[in-house]
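Student: I'm new to this one and would like a close look at a single part. Could you walk me through it?

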Amino acid sequence: MKRIAMLVVLVALLSVSLVFASGEREYPSRDITNVLVWSAGGGTDTANRIVMAEMAKTLGVNINVVNVTGGVGGSVGMLEAYNRPHDGYTIAGLSESIVTAGVQGGWDKRVDVWDYYIIGGSPLVLSVPANSPHRSIEDLVAAAKSRPGQLRASASAAGSIHHLNLLAFEKGTGTSLNYIPYDGSAPAQNAAITGEVEMVITSIAEQAQLIRAGQLRPLGVLVPQAFTLGNQTIPSAFDSVPGLTAHLPIEQAIGFAMARGVPEAQRSKIREAFHAAMQTEPVKNFGRDNFYVLSGASGDEAAAIFDALESNFAWTLWELGAARVDPQTLGIPRP
Amino acid sequence: MFVLERFGIFFSNLAAMVFDPVGLLLLFGSVFLGILFGAMPGLTATLGVALLTTLTYGMRAETAMIALLGIYVGGVYGGSYSAILINIPGTAAAAATSLDGYPLACKGEGGRALGLTTTASAIGTFVGMLFVVSISPLISRIALQFTSFEFFLLAFFGIIISGTLTSPDLVYKGWIAGLLGLFLAIVGRDGLQFYPRFTFGMPQLEGGLEVVPVLIGAFGIPQIIGVLKDRFAPAEAKRFQRILPEFGTIVRRLPTILRSALIGVGIGAVPGIGEDIAGWVSYGAAKNASKHPESFGTGDEEGVIASETANNACIGGAMIPLLNLGIPGSPPAAMLLGALMLHGVNPGPMLRFDHPNFILQITAILLLASFAMWILGMLLAKQVVKVLRIPPPLFMPIIAVLCVIGSYALGFKIFNLYLMIPVGIIAYFLTEMGYPIAPLVIGVILGPMADQNLRRALMVSQGSFMPVFTRPVALILFLVIVLTIVSQFPVYRRALAALKRLLLRNR
């Protein structure tokens with residue numbers, strides 16, 4: 001009897017010490033899960049899967065991507081990822097639109113509880129139909145000023161990043177456009193081709209085919225640097241309208257995040273693997289093939305980008321009447 | 001010459017696929033899965049394509065397309081099973097099929113009806129494919145004539161035509177049902193300015209009413225209550241049923257089949273609308289062209305053939321704007337677009353240069369899928385008809401459970417059940433009063449399209465309705481709608497008759 005009791009105690013001690021030993025084993029010791037808040041096949045999903053595959057090589061463990069969609073602004077997936085233990089084994093795959101979850105009533109915190117790693121995004125571009133009389137941003141602005149509130153402009157749904165850029169363009173150029181909302185980028189671009197609208201703002205990735213086929217004429221990208229697409233260079237709209245810099249750029253930020261509660265030692269490992277992954281050929285090829293500008297921002301730099309996006313989106317939605325929660329109650333500062 | 005060359009590449013692609021055993025197995029497997037998805041109320045072709053997309057990550061783009069197109073073709077066809085046998089269309093696309101399919105099944109000709117729809121669907125898919133190979137650039141140019149006003153008129157036409165066709169007695173009842181559906185579609189935050197309409201502060205209503213619970217509730221529950229009241233006319237299964245249709249029947253129906261296929265391709269090619277409208281419009285056209293329109297709705301094989309040919313021809317039609325413009329022509333095609341991009345294929349005007357053979361590969365897959373569907377359909381129909389031998393008191397509770405699961409499984413929302421049951425009960429009383437249910441469901445499906453496009457069109461024209469009369473396509477659609485409505489009034493028929501007499505006398 002005594003012997004058995006001894007044995008039990010011994011086994012117990014051994015197993016406890018094993019647990020401690022494994023706890024001290026170097027991070028990461030098991031597979032990491034990436035809870036991706038958007039559906040499979042989308043831009044955020046594809047970008048994450050490619051970067052995760054490269055990071056897995058550096059970290060020496062698998063990173064499994066699981067799509068958990070639903071809610072508002074990806075709130076279901078974000079809650080799922082945030083409510084898991086903050087032990088460094090959960091990543092949330094997300095994009096800039098998650099900053100709208102708070103004011104839409106799906107997320108009761110600010111989004112600065114996350115530590116962000118930004119892969120990049122496709123710059124937004126302002127284009128006109130191929131048969132449009134406007135050849136430059138100046139032409140277009142002059143036309144918009146000559147008939148205020150009438151020049152028909154499309155972007156995807158109200159409150160989307162495209163719409164925010166359109167609003168900023170109006171402020172920066174001092175014009176007032178007739179904004180026509182569409183369900184997504186494809187119908188918005190289609191409306192420009194059929195001539196239903198006179199200008200459209202969506203991303204280069206979404207317009208690339210139409211621009212190369214000569215069905216849309218790009219007038220300018222809404223970022224500081226010009227963009228080369230095939231054999232044509234699209235100038236920056238900022239060159240012709242300097243006033244835009246006060247309101248733009250508002251850029252896509254596709255990437256992933258880890259809860260700030262995760263110990264810094266583990267987050268820095270992830271950061272190293274992320275920066276290494278961004279330098280690999282597959283990721284660079286992906287960026288080129290999909291017309292992305294790769295970012296690689298992390299830490300304070302990425303936090304500042306998401307802070308700005310949050311206040312911009314939250315207050316715009318609130319002013320449009322599309323928000324359910326007052327951004328003030330969440331403590332989101334005005335842009 | 002150009003066309004001949006395209007067909008040459010097409011057949012070499014086809015041969016490569018026929019001799020690839022893994023590909024063939026995948027094709028048959030996914031078509032079978034599609035038929036199951038289509039036949040189960042609540043599981044749609046769109047959902048099938050969406051679920052399968054996640055499983056095709058590891059595959060090459062061509063292999064993934066075999067699986068996805070297979071499930072798409074199977075799903076659109078599978079809806080006819082439940083429409084014919086139990087009068088609950090498995091997908092909205094098969095709603096028009098049940099009008100004549102179920103009476104046929106009641107007459108004991110369920111097997112024959114299934115055989116006919118299988119053959120008609122296969123021919124429809126095949127004709128759709130022919131169009132993708134030959135004249136797709138032309139069709140996509142016409143599709144670009146559609147702006148917001150045209151989309152609104154088209155959606156409104158879909159609701160009106162289904163109301164016109166399904167009324168058992170007074171045509172007004174069909175229109176009223178359609179407008180009721182349109183009203184239900186308004187519930188929720190509006191798509192353009194986020195204004196909450198009829199939500200009564202309930203967060204579950206903000207996203208609007210989901211189509212699947214409404215579809216299941218409206219079609220399934222009246223059927224189940226009917227059994228409880230014990231006056232349900234169970235469809236019969238005769239002992240010796242011939243599933244394979246007579247060659248002569250198919251040849252005799254060839255004009256209907258061809259007309260329906262053309263309608264299907266045309267409607268599929270218009271972005272945003274799909275199989276459900278195609279079925280209705282083609283059914284209506286067949287009824288108008290028929291020498292004995294009064295037999296429609298009582299089990300006319302022509303009605304079944306018309307709607308099933310068109311909804312499958314729609315697949316080829318929907319691929320045309322998807323591949324040539326990057327604009328999905330139907331909801332499942334929208335899922336396909338996502339899947340294609342995942343595999344690094346960006347459909348659009350540049351596809352012809354980036355992946356020159358891709359369109360022909362797609363058509364080869366479509367052709368094989370229609371064969372696979374026909375073979376599987378012929379094998380399955382015989383077994384499926386046996387379902388009718390189960391006594392209704394045992395069979396209907398199973399259907400009831402499937403209805404509940406089908407509504408809940410979509411997004412796992414218990415609220416969908418609270419929606420399905422009242423809609424079902426209201427639908428039951430409407431059925432009792434002689435209101436058709438199909439226009440109500442079509443109203444819910446097409447409502448958002450009609451609503452958003454009308455308001456968007458008015459934003460574009462700054463409040464003017466004039467574009468309806470100045471844009472050619474819009475004007476044609478408008479006149480067709482007016483004619484559809486006016487032709488139902490006795491005044492119109494009397495005027496027409498008077499006009500005829502006048503003309504004859506002058507001669």
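This is a predicted model: local features need pLDDT of at least 70, side-chain atom pairs count only at pLDDT 80 or more; totals for chains, interfaces and linings use all residues.

Student: Here is what I'd like to start from: in strand 8 of chain A, which residue is the bridge partner of S127(A)?

Tutor: The bridge partner of S127(A) in strand 8 of chain A is V200(A). That pair belongs to a bigger picture, so let's zoom out a step at a time. Strand 5 of chain A covers residues 124-129, strand 8 of chain A covers residues 199-203, and the two pair in the antiparallel sense over 4 bridges. As a bit of background, strands of a sheet pair through backbone hydrogen bonds, and they can do that either parallel or antiparallel.

Now for the sheet around them. In chain A, 5 strands make up an open sheet, and reading across you get the order 7-6-8-5-9, with mixed pairing. At the edges of this sheet stand strand 7 (178-182) and strand 9 (216-221) of chain A; each has a single partner strand, so one side of each is left without a neighbour in the sheet. From one strand to the next, the twist averages 30 degrees.

There's a helix to look at here too. Helix 5 of chain A, residues 161-173, packs on the sheet. Helix 5 touches strand 5, strand 6 (152-156), strand 7 and strand 8 of chain A, and its direction makes about 145 degrees with that of strand 6 of chain A. Strand 5 and strand 8, where we began with S127(A) and V200(A), are therefore among the strands that helix 5 of chain A touches.

Key:
Residues are numbered from 1 along each chain as its sequence is written. Chains are lettered from A and ligands numbered from 1 in the order in which they are written. Two strands pair if DSSP finds at least two bridges between them. Axes are lines fitted to C-alpha atoms, for helices over the stretch in contact, and angles run from 0 to 180 degrees between N-to-C directions. Two residues are in contact if their C-beta atoms, placed from the backbone, lie within 7 Å.
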